[in-house]
Amino acid sequence: MSNWTRMIPSIFFTDRLNSLRRESFMKLIKNKVLYVTMIAISVAYIVYVVSANLFFDPQATHFLSHKTSLNHSINVPVWLNVLHIHVIVACLAIVTGTINFLNKIQRKYRKFHRMNGYLYILAVFAVCGTSGYMAPYATGGRINSMAFNLMNIIWILMTITALIQIKRKQVNKHRKWMVRSYAYCFTNLLIKFLTFVLYDVLGMQYDMSYTSAILGTILLNYSLAEIVIRRVYRIPTHLGLSKNIN
């Protein structure tokens, strides 16, 4: 066998290795950009939500002014207390979720990652519980109440599925389901943004704008999560927990 023939597998292997390294490097850069963007959005949103709901308008005067033609009368003091709890635990879900997507935390501080993950789950349940209380008083009536309850159920199921997958040591499946779950942390942000576009920019009636925004958010939550999954978790990530990480 000639030297040239022997070199062919070596050249092919080297080219393939370099290609994988380039792909891995580009993935790392994209992940960092995505993570920094996620942190920036999270911080900005938390600052806005906390300041708007706990400082500038703690009585939710502007928001309550749109709640007309409700089927249930609102006990405003109780509703406000639930709203404030909802805001706090929603921010907690965003913070804990953001932290747990950091690769360094996942690889080097697994105990912290696990405990922080349980805190995220508790926050999700608290968000959904308070949202469930407020759902019957949703602006726009029963259809929006049903939509909020549907999103609460979906969010809980996705979060539980993520927990089940990591208990089975299915790391990549766990991370994909966590992406789907985490997307729901920004439900209120998307609703507010879409309502602003439809009501303030396009001039639609507020109730119709709000209803359309909720339905649009359901689609966006799913679509954005799947886009991130396809771009970031297309290649399985091995954290040393299992050989089967599909």
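Which residue lies over the face of Trp177? In this predicted model, the residue in that position is Arg180, at 4.4 Å from the ring centre.

The structure holds 10 of them. One is formed by Tyr133 and Tyr137, a tilted pair with 5.8 Å from centre to centre and 55° between the planes. Tyr137 is buried, at a relative accessible area of 13%, whereas Tyr133 has a relative accessibility of 30% and therefore counts as partly exposed.

A further pair joins Tyr206 and Tyr210. Their ring centres are 6.0 Å apart and their planes meet at 15°, so this pair is stacked. Both residues belong to helix H9, which spans residues 206-232, and because they are four residues apart there, about one helical turn separates them. Tyr206 is buried, with 14% relative accessibility, and Tyr210 is buried as well, at 7%. These two tyrosines also take part in a cluster linked by ring pairs, together with Phe63, Trp79, Phe148 and Tyr199.

Is Thr159 buried or exposed? Its relative accessibility is 1%, so Thr159 counts as buried. Leaving aside residues up to four places away in sequence, Thr159 touches Tyr120, Ile121, Val124 and Ser181. With Ser181 there is also a polar contact, made between the two side chains at 2.7 Å.

Note on methods:
Residues are numbered from 1 along each chain as its sequence is written. This is a predicted model: local features need pLDDT of at least 70, side-chain atom pairs count only at pLDDT 80 or more; totals for chains, interfaces and linings use all residues. Side-chain values use heavy atoms; hydrogens and water are left out. Buried means under 20% relative accessible area, exposed over 50%, partly exposed in between (1.4 Å probe, protein chains only). A polar contact is a pair of N or O atoms within 3.5 Å; within protein, one must be able to donate a hydrogen and the other to accept it, and residues adjacent in sequence count only if both atoms are side-chain atoms. Contact means heavy atoms within 4.5 Å. Rings of Phe, Tyr and Trp (its six-membered ring) pair if their centres lie within 6.5 Å; planes under 30 degrees apart count as stacked, over 60 as edge-to-face and the rest as tilted. Helices (H or I, at least four residues) and strands (E, at least two) are DSSP runs, numbered from the N terminus. A charge sits over a ring if NZ of Lys or CZ of Arg is within 6 Å of the ring centre and within 35 degrees of the ring normal.
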